[in-house]
Amino acid sequence: MKHKTSLKIYKYLINFYPADFKRGYGALILDAFEMDAKHVKGKFALINFWRHQLIDLAKSILKERQYLSISTAAQPTTAAFGQIHKLLVYTGLLITAANISSFTLLSHFYLSADRMQYNGRLDLTFRTGMWLLIFLWLWRNLRRNKWFSFSSVYSFIITFATFQTFFTSFIFLMPFGWLMTTFLFPSYYPSTSQTIMFEGLNYLAQLIGFIISAEILLVMWVILIKVGRAIRPQRMRHA
Amino acid sequence: MSLTKPLSPIELSILIAIGSGELHGYEIMKEIALVSGGRNKVGPGTLYVAIKRLLNDDLISEAKDKRSSRRRYYCLTPNGKKAVTAEIAAYQETLKWAASQGLSASL
């Protein structure tokens, strides 16, 4: 393997460093690596060289990420930055809380009326626990001021997934269903061909609703990233 | 001068390596490997993570006159000189203590 190939692989691997560190030191790290790689001759030397490099990369990436998480834990935020992300995370929290209550706790009351559905109850107990854990985890990250952490991404996805469900069900499917049953298939006992057509159109409507919502989600995601980058405050330089 | 953390062996090695003059990253790596007879090899990642911390703590600085797009040269700051002197003094105390216990490198 020529040192140019090694350089390409290493160039890819340094993407695992935090973005700020890579911007500041990526080219310098690459230069030092290239100088080092030029002097490697022979297969065994190359294997040994790469073993050393991979260990070094793994250690330094972990160290830098750990340093970053410590130095940004109490990161001060600008007003606009804080407000946008607060809104997102709180919306996520609210929707998670709504999920806990509607999908699980209320279902428990419903299921208690039918003792035969024991398996369903076990499933719901698991789901309740899961949602509760996610809620507590979100709350913990929020308290630690981690606006750009996984929790805000999660909140964002949950928020728009719920919007998507709302959009598909209430804005699109319900009027569509009303239109179908009132005008196109008014008979209470439709024929087989009518049922097949109805189901086919129903799935088509769901697919269209999903695609439109996915596009909205994508556009919102891009806007969030751009706004986030534009107003994001500088990282703290000192621990 | 207040350090956020004690100096690690790699950070101390970097400070000693650039003690005699301005060096860039690869030269520092080579210097450390050469002095230790190849036993202590520092990879580029570890080196620049340490350099970043030393820059943040104002123990080293970039030599402005030698700066290029590909390479940056580093030199000791007055704070860096104080830190390395204090660290060496601490090591000397430890060596004296080891000697008083009948322990030395020749054992």
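1. The second largest pocket of this predicted model has a volume of about 590 Å³. A pocket here is an open set of points on a 1 Å grid over the protein atoms alone, where a 1.4 Å probe fits, with protein on both sides within 12 Å along at least five of seven lines; lining residues have an atom within 4 Å of a point. The volume is the space filled by probe spheres set on the points, which are joined across faces, edges and corners.

2. The lining of this pocket comprises 24 residues, of which A:H52, B:N40, B:K41, B:V42 and B:G43 are the closest to the centre. At least two lining residues each come from α3 (43-71) of chain A and from α1 (9-17) and α2 (25-35) of chain B. The most, nine residues, are given by α3(A). Helices (H or I, at least four residues) and strands (E, at least two) are DSSP runs, numbered from the N terminus.

3. Chain B has an open antiparallel sheet of three strands in the order β1-β3-β2. Because β1 and β2 of chain B stand at the edges with a single partner strand each, one side of each is left without a neighbour in the sheet. Strands pair if DSSP finds at least two bridges between them; β2(B) and β3(B) have three. B:S61 has B:C75 in β3(B) as its bridge partner.

4. On conventions, residues are numbered from 1 along each chain as its sequence is written, and chains are lettered from A in the order in which they are written. Local features need pLDDT of at least 70, side-chain atom pairs count only at pLDDT 80 or more, totals for chains, interfaces and linings use all residues, and side-chain values use heavy atoms, with hydrogens and water left out.
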